[in-house]
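User: I have a structure to go through with you. Can we take it piece by piece?
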Amino acid sequence: MTGIICGTGSYIPPYSMDNNDIAKLVETSDEWIRERTGVVRRHIIQEETTVSMAAEAGRRALENAGVAPEEVDLILVSTISSNVILPCAACDVQKELGAKNATCFDLNAACTGFLLAYNTAEAYLATGAYKTALVIGSESLSNLTNWKDRGTCILFGDGAGAAVLKTGEGRMYRPVTHSQGHKGEALTCKSRHSSNGLTSHAEPEELTHDEYFMQMDGQAVFKFAVRSVPEVIHEVLRVNEVEQNEIACYVLHQANRRIVEAVAKRLDEPIEKFPMNLQEYGNTSSASIPILLDELNRAGKLEKGSKIVLAGFGAGLTWGASIADWQ
Ligand code: COA
């Protein structure tokens, strides 16, 4: 018994900014951004919120799966950019969709978040605790981006993706995931006061302007990704005794075209097995894997019975890979 993906959905804000728009904000160029990242444009929220995008992606996934909101008994939202601290985004999504029978909670594991949410849903479904899960990644990274920092603002974008998982007969693969908290300084966003001002410090800790937004050691993250992603893919294949040539496609977190190309090279796989859409959306953190999955699904590019690998990596540091049989 395992969780089977039986529907996908996504929501992308219509407003977009191309690299030339970014070059009006910071000293950069379309050519530099394309060459170093592969990103051409990114979509940015206007009226939308993390919750509204999550709910719309979820609604589309349920429609795609032919599942009614009342049938959903678990909603997981992976996000680092929720509108409010309480209530959790998943409860707000429940309200928007009328999924009144669902248990709802959020996960925060940055760009590995969707993968970990997917694994969590799979584990719950395998125990029989729940039968139908809606797993969503939704991000308004534009709210966390320092639009004066050319080292980060060229990379990120907003959007949401979702998958419906139902209990079914199929192979339960063991996921492989890792974390290295001691390397967390490579990618941070400190925009919450870390002192209560009551017992720990006289005054809440003051942050600098830059600390309110994402800060990143780009080269450290790049090296971490190109080393750890191929390793964890090898590991997930090994522990599940799956041969590399059985994998039809690798759905990687969409951070940077050069990272995806380096992973393909290290695995000695053709780049065609690594679909990409980061040129259109930039890095949408935990939304990137389900958005790509939805595009592949709707374009009919995933054959029934084929094996796919999902792999994520990001702040924490966290990373991991899972195998799924496409149904
Ligand atoms: N436009 C123009 N020049 C830029 C620039 C920009 N947007 N950003 C940096 N530069 C400059 C630097 O100042 C530096 O100039 P110098 O040589 O005169 O000092 C030069 O370009 C090279 O900078 P560097 O930081 O070494 O560039 P890079 O090749 O490492 O590319 C990133 C920078 C951010 C694109 C790259 O490191 C990266 O993609 N890292 C991974 C980030 C990521 O994916 N994070 C999310 C993971 S979930």
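User: Is L76 buried or exposed?

Analyst: This is a predicted model. In it, L76 is buried, with a relative accessible area of 0%.

User: Which strand does L76 lie in?

Analyst: L76 is part of strand β4, residues 74-78.

User: And what does L76 touch, leaving out residues up to four places away in sequence?

Analyst: L76 touches F105, L107, A117, T120, A121, L134, V135 and I136.

User: What separates the C-alpha atoms of L76 and I22?

Analyst: They are 33 Å apart, and the two residues are 54 residues apart along the chain.

User: Switching to helices. At what angle do α6 and α7 pack?

Analyst: Helix α6 (residues 218-239) and helix α7 (residues 257-267) pack at about 40 degrees, with axes 9 Å apart. The two are therefore oblique to each other.

User: Left-handed or right-handed crossing?

Analyst: The crossing of α6 and α7 is right-handed. On the α6 side the contact residues include F222, V226, V229 and I233, and on the α7 side they include I259, A262, V263 and L267. By class, the contact has 10 nonpolar, one polar and three charged residues.

User: Now α3. What span should its 16 residues have?

Analyst: At 1.5 Å a residue, α3 (residues 50-65) should span 22 Å; its end C-alpha atoms are 22 Å apart, which agrees.

User: Which residues of α3 are buried, and what do they pack against?

Analyst: Among the buried ones are V51, M53, A54, L62 and A65. The buried residues of α3 pack against β1 (2-11), α4 (89-97), β6 (132-140) and β7 (158-168).

User: What follows α3?

Analyst: G66 follows α3, and the phi of G66 is positive, near 65 degrees.

Notes
Residues are numbered from 1 along each chain as its sequence is written. This is a predicted model: local features need pLDDT of at least 70, side-chain atom pairs count only at pLDDT 80 or more; totals for chains, interfaces and linings use all residues. Side-chain values use heavy atoms; hydrogens and water are left out. Axes are lines fitted to C-alpha atoms, for helices over the stretch in contact, and angles run from 0 to 180 degrees between N-to-C directions. Helices (H or I, at least four residues) and strands (E, at least two) are DSSP runs, numbered from the N terminus. Angles under 35 degrees count as roughly parallel, over 145 as roughly antiparallel, 65 to 115 as roughly perpendicular and the rest as oblique. A crossing is left-handed if the near helix is turned anticlockwise from the far one by less than a right angle, and right-handed if clockwise. Contact means heavy atoms within 4.5 Å. Ala, Val, Leu, Ile, Met, Phe, Trp, Tyr, Cys and Pro count as nonpolar, Asp, Glu, Lys and Arg as charged, and the others, Gly among them, as polar. The expected span of a helix is 1.5 Å times one less than its number of residues. Buried means under 20% relative accessible area, exposed over 50%, partly exposed in between (1.4 Å probe, protein chains only).
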